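Please look at the sequence and the model first.

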Amino acid sequence: MGSALAKQLRAPVTGSCMGWMAQRIMSMGNGADSIDAVSQLVAASGNNVVENPVIVEIGPGSGYAMKTMLSTLSPSRMYGIEISDAFRNQLLSDTELAPFHASDVLSLHGDDAKNLFFILNNSVDIIFAFNVIYFLNPLSVYLKECYRILKPGGCVMFSVKGVAQKMDPSVYINTDWDKCLQEMKTAGFVEVEAKEERLEDSLSYIPLYGKKPN
């Protein structure tokens, strides 16, 4: 896939033909994969997600997983970290999300996830990121920030797709899952593992899971 489209898949640009195409590609399947990943996040925690958790989603895109977490996990606070203006505007105009904006449960931020200065140390229960880890460069810096904001016992789940390994490596930087897992361990996370591959064909993905020690 061309470098220009690969860059748009990272962060679609409003008003761009390729940005529009990238948004359509990432919305294929109506989010069935990212929605399934939410269920795997719950399963990985032993079906013991804390009540009314504080959640950070990095790269919510069209918001499929975000809506699922808001409706099923009832977070007390949720931060959506979305660097794409196109996706952020889409989320801001989504009527299903409007009540959560109005009640200050949900806030959207265009900041880079390597510096979430507005989130306190040890204040987040869950970090969720689907189709995102490839673009985090250097990965160690982003993982350090994830570790900082997570509460002891909090969890992080990056879900990845094999198709990313066929993309432009100058854009899709982190596509060796074993190296990603090792980086997570180096950052201090424990119980780090690649979970079983889920779903089939274009919807298939692998959850990379870890926890901050208690």
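Asn52 sits in the loop between α3 (32–44) and β1 (54–58). The model is predicted. Asn52 is not a glycine, yet its phi is positive, at about 50 degrees. Its relative accessibility is 39%, so Asn52 counts as partly exposed.

Ser74 belongs to the loop between α4 (64–72) and β2 (77–81). With a relative accessible area of 38%, Ser74 is partly exposed. The table sets out the two residues.

| Residue | Phi | Relative accessible area | Loop |
|---|---|---|---|
| Asn52 | about 50 degrees | 39% | between α3 (32–44) and β1 (54–58) |

The peptide bond from Asn137 to Pro138 is cis. Its omega is near 0 degrees. Pro138 is placed in the loop between β4 (124–130) and α7.

Next, the strand β1. Is β1 buried or exposed? Five of its five residues are buried, so the rest of the structure largely encloses β1. Val54, Val56 and Ile58 point one way from the strand. Ile55 and Glu57 point the other way. All of them are buried, the charged Glu57 included. Here buried means a relative accessible area under 20%.

β1 pairs with β2. The sense is parallel, and the pairing runs over five bridges.

Now the helix pair. How do α7 and α8 pack? Helix α7 spans residues 139–149 and helix α8 spans residues 177–186. Their axes lie 9 Å apart, at an angle of about 45 degrees. The two helices are therefore oblique to each other. Their crossing is right-handed.

Which residues make the contact? From α7 come Leu139, Ser140 and Leu143. From α8 come Cys180, Glu183 and Met184. By class, the contact holds four nonpolar residues, one polar and one charged. Ser140 is the polar residue and Glu183 the charged one.

How values were computed
Residues are numbered from 1 along each chain as its sequence is written. This is a predicted model: local features need pLDDT of at least 70, side-chain atom pairs count only at pLDDT 80 or more; totals for chains, interfaces and linings use all residues. Side-chain values use heavy atoms; hydrogens and water are left out. Axes are lines fitted to C-alpha atoms, for helices over the stretch in contact, and angles run from 0 to 180 degrees between N-to-C directions. Helices (H or I, at least four residues) and strands (E, at least two) are DSSP runs, numbered from the N terminus. Angles under 35 degrees count as roughly parallel, over 145 as roughly antiparallel, 65 to 115 as roughly perpendicular and the rest as oblique. A crossing is left-handed if the near helix is turned anticlockwise from the far one by less than a right angle, and right-handed if clockwise. Contact means heavy atoms within 4.5 Å. Buried means under 20% relative accessible area, exposed over 50%, partly exposed in between (1.4 Å probe, protein chains only). Two strands pair if DSSP finds at least two bridges between them.
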